[in-house]
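User: Hello! I am new to this structure and would like to learn how to read it step by step. Could you show it to me before I start asking?

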Amino acid sequence: AIQVALDTTEINQALAVSKQIAGRVDRIEVGTLLLRQHGMEVIKVLRKALSDATLVADCKIMDCGYAETTLATKAGADGVIVQGAAPRATIEAVCDAAASHAAFVMVDGLGIADIRDLIPRIHGLPISHVIIHTGKDEQNLHGPPPLQGIQVAAMSDALPPLAVAGGLSP
């Protein structure tokens, strides 16, 4: 599956890119900076323009999991992203809210050195994907993501399907 992140703060640019890629990608991610700049209203704008697209809100949820997820799904998101470093209670709350709104949950491993450390934290929860994520600050300091971490995580049968984000190129 291909998910494209709208890593911009401009609604017009996000709309233009979304319209170009809709139907060509599996999911469109409403990026964190776009959400921070415009709030949940940007999800409503994108949903109105792209009624059939699968929208993922990269809320970077760390607390108030039920409320954050509810806000995003009521605005039109089909899925949300919770941080793997969040307390288990928050991840559970996100999953509960997502289930109540027929949405899915992705867990972001940003800042977690060994993605396998997530296994006990998410065991038994309805997680669609675990994201191996190299953040922009980390990319600026250390370069592209190391493939070794991706390979190690891919060999774990205890993790949900993997997604990889940050610093990727052909």
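User: Which exposed residues does the face of α1 turned away from its buried side carry?

Analyst: Welcome! Some ground rules come before the answer: this is a predicted model, in which local features need pLDDT of at least 70 and side-chain atom pairs count only at pLDDT 80 or more, while totals for chains, interfaces and linings use all residues. Residues are numbered from 1 along each chain as its sequence is written, and side-chain values use heavy atoms, with hydrogens and water left out. Now the general idea: buried means under 20% relative accessible area, exposed means over 50%, and partly exposed lies in between (1.4 Å probe, protein chains only). Here, the face of α1 turned away from the buried side carries the exposed residues Asn12, Lys19 and Gln20.

User: And which residues of α1 are buried?

Analyst: Those are Ala14, Leu15, Ser18 and Ile21. They lie on the same side of α1 because they cover an arc of only 140° around the axis. The arc is that of the directions from the helix axis to the C-beta atoms.

User: What do the buried residues of α1 pack against?

Analyst: Packing is read from contacts, and contact means heavy atoms within 4.5 Å. The buried residues of α1 pack against β1, β2, α2 and α3. As for the names, helices (H or I, at least four residues) and strands (E, at least two) are DSSP runs, numbered from the N terminus.

User: How many helices and strands are there in the protein?

Analyst: The protein has eight helices and seven strands. Its length is 170 residues, and 45% of them count as buried. If you look at contacts between residues at least 6 apart in sequence, 64% join residues at least 24 apart.

User: Let us go on to α3. Which of its residues are buried?

Analyst: In α3 you will find Val42, Ile43, Leu46 and Arg47 buried. These residues are on the same side of α3, because their arc around the axis is only 135°. The buried residues of α3 pack against β1 (3-6), α1 (11-21), β2 (27-30), α2 (32-38), β3 (55-61) and α4.

User: How many salt bridges does a search of the whole structure find?

Analyst: Side chains of opposite charge can pair when their charged atoms come close. A salt bridge is a side-chain nitrogen of Lys or Arg within 4 Å of a carboxyl oxygen of Asp or Glu. By that rule, the whole structure holds four salt bridges. One of them joins the side chains of Lys44 and Glu41, at 3.1 Å from N to O.

User: Where do Lys44 and Glu41 sit relative to each other?

Analyst: Both belong to helix α3 (residues 41-49), and since they are three residues apart, about one helical turn separates them. Lys44 is partly exposed at 41% relative accessible area, and Glu41 is also partly exposed, at 46%.

User: Which residue forms a salt bridge with Asp78?

Analyst: That is Arg47, and the closest N and O atoms are 2.6 Å apart. This pair links distant parts of the chain, 31 residues apart: Asp78 is in the loop between α4 (65-75) and β4 (79-83), and Arg47 is in helix α3. Asp78 is partly exposed at 27%, whereas Arg47, at 18%, counts as buried.

User: What about Arg88: which side chain does it meet in a salt bridge?

Analyst: Its partner is Glu92, at 2.7 Å from N to O. In helix α5 (residues 88-100), Arg88 and Glu92 are four residues apart, so about one helical turn lies between them. Arg88 counts as partly exposed at 29%, and Glu92 does as well, at 31%.

User: Staying in helix α5, is Ala93 buried or exposed?

Analyst: Ala93, in helix α5, counts as buried at 19% relative accessibility. Not counting residues up to four places away in sequence, Ala93 touches Gly65 and Tyr66.
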